[in-house]
Each structure stands twice: as C-alpha cells, then as structure tokens.
Amino acid sequence: GKTSTKHYLNRILCEKYNVLMTPGSFNTPMGVVRTVRESMQPYHDIFIAEMGAKNIGDIKEICDIVNPSIGIVTAVGPQHLESFKSIENVQRTKFELVDALPADGLAVVNDDFEFVANRKVDNVDVIRYAVHNTNNASCRAVDIEYSSHGTSFTAVMPDGSSIKLQTKLVGECNISNLLAAV
C-alpha cells in the first residue's frame, strides 16, 4: 500500500502545493538521496518519501535523511519475514518512522492490521484509520459500495465531518490507501 498511498497523497496535495515525491521504487536511502539531489527545488512545499525496509534500521536511516514531520504506516505484515525473522521485527522497523517524528509531528496508522493497531503511539498526535477494525479509529470508511463503475464510500474524519468519495478503482485495499491519503 505504500506506493499507492504515495501516489494518492501526491495527487491530493498537488491541488494546492508544489509537491515532490520519490519516483517508482526509490524507497531506499540511496533512492531518497538521489531524488533530493536531482529533483528537489526551492519551490517545492512538500516532499513525500516512500520508505522501504528489508532490515531493522532501514527506515530510521531514511528518517535521519529527510526528518519527516508526518508519517503514514499503511501495514505491518509478513512480507519480509525472510529478512526480519519475526512480525515483531517488522513492526519495530515500520514504526521507526513514527518514532522519528518530532513532538509536534503526526502519525497516521492503519488499524486494520493487528501489528499496527496494537502498537502504542504516545510520542506524537496520531490518527488511526480503518475500514474494518474501527473501534479505535478516528478516521474510517463507511457506506462502501462497489459497482461496475468503481467504488464509492464516505470517509468519516477525526473531527466528525465526512467526505463522500468515489474512484474508478475496485478493491478494499484501494479504500484503505485512499483513506490514509485523505
């Protein structure tokens, strides 16, 4: 979900800001540095950096380069168990992003994954979002409808307001990724 969320977030923010995002799979320290050195300009307002990891410390290394103020954790799952050896190590590594945020930062985390939902966040403000596990989520998708034209749903925001959204994309993962970006 990282890459899709990055693209959705870029598309939303480009309506108001000059945005630079890491291209393709430039989600390693070298890819992030290359993007900054080759593409960042003084007129960019926002930099969206996708952060990938295969080992503990990989995300922290990227955070040390970009000093993020907002971080989105889209999932913690078994994708990299061959290098991480345990789901707890995957969780620890993904949350290096949240742990690196400044005191006035914001974490946006997906409570539909057990090892995201069960991770306490107390160093920054947090918005928990979810499609299914909405018990502690302050941002959630409701009234989801699928059709041959795509998907529509309502995003209920932390302040209680709601936004009706529709996309030509189909699939629950797309709703989750869009909700993170919104």
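1. In β4, the bridge partner of G71 is A107. This pair belongs to the contact between β3 (70-73) and strand β4 (residues 106-110), which pair in the parallel sense over four bridges. Two strands are taken to pair if DSSP finds at least two bridges between them. Helices (H or I, at least four residues) and strands (E, at least two) are DSSP runs, numbered from the N terminus.

2. The model is predicted: local features need pLDDT of at least 70, side-chain atom pairs count only at pLDDT 80 or more, and totals for chains, interfaces and linings use all residues. Residues are numbered from 1 along each chain as its sequence is written, and side-chain values use heavy atoms, with hydrogens and water left out.

3. The open sheet has six strands in the order β3-β4-β5-β6-β7-β8, with mixed pairing. β3 and β8 (162-167) stand at the edges with a single partner strand each, so one side of each has no neighbour in the sheet. On average, neighbouring strands of this sheet are turned by 20° against each other, direction ignored. Axes here are lines fitted to C-alpha atoms, for helices over the stretch in contact, and angles run from 0 to 180 degrees between N-to-C directions.

4. Both senses of pairing meet at β6. Strand β5 (residues 125-130) and strand β6 (residues 139-147) pair in the parallel sense over two bridges, and Y129 stands opposite C139 in β6. With strand β7 (residues 150-156), β6 pairs in the antiparallel sense over six bridges. A hairpin joins β6 to β7 through two residues, and S147 stands opposite G150 in β7.

5. Which helices cross at roughly 45°? They are helix α1 (residues 2-13) and helix α8 (residues 172-181), whose axes come within 8 Å. That makes α1 oblique to α8; angles under 35 degrees count as roughly parallel, over 145 as roughly antiparallel, 65 to 115 as roughly perpendicular and the rest as oblique. The contact (heavy atoms within 4.5 Å) is made by S4, T5, Y8, L9 and I12 of α1 and by N174, N177, L178, A180 and A181 of α8.

6. N10 also lies in helix α1. Its relative accessibility is 15%, so N10 counts as buried; buried means under 20% relative accessible area, exposed over 50%, and partly exposed in between (1.4 Å probe, protein chains only). Not counting residues up to four places away in sequence, N10 touches V19, M21 and I48. N10 and A181 are 171 residues apart in sequence but 8.5 Å apart in space, C-alpha to C-alpha.

7. S176 lies in helix α8. Is S176 buried or exposed? At 8% relative accessibility, S176 counts as buried. Leaving aside neighbours within four places in sequence, S176 is in contact with N110, Y129 and V131.

8. Helix α5 (residues 87-94) is mostly covered, with six of its eight residues buried. The buried residues of α5 are I87, N89, V90, Q91, T93 and K94. They pack against α1, α3 (58-66), β3, α4 (81-84), α6 (96-100) and α7 (114-117).
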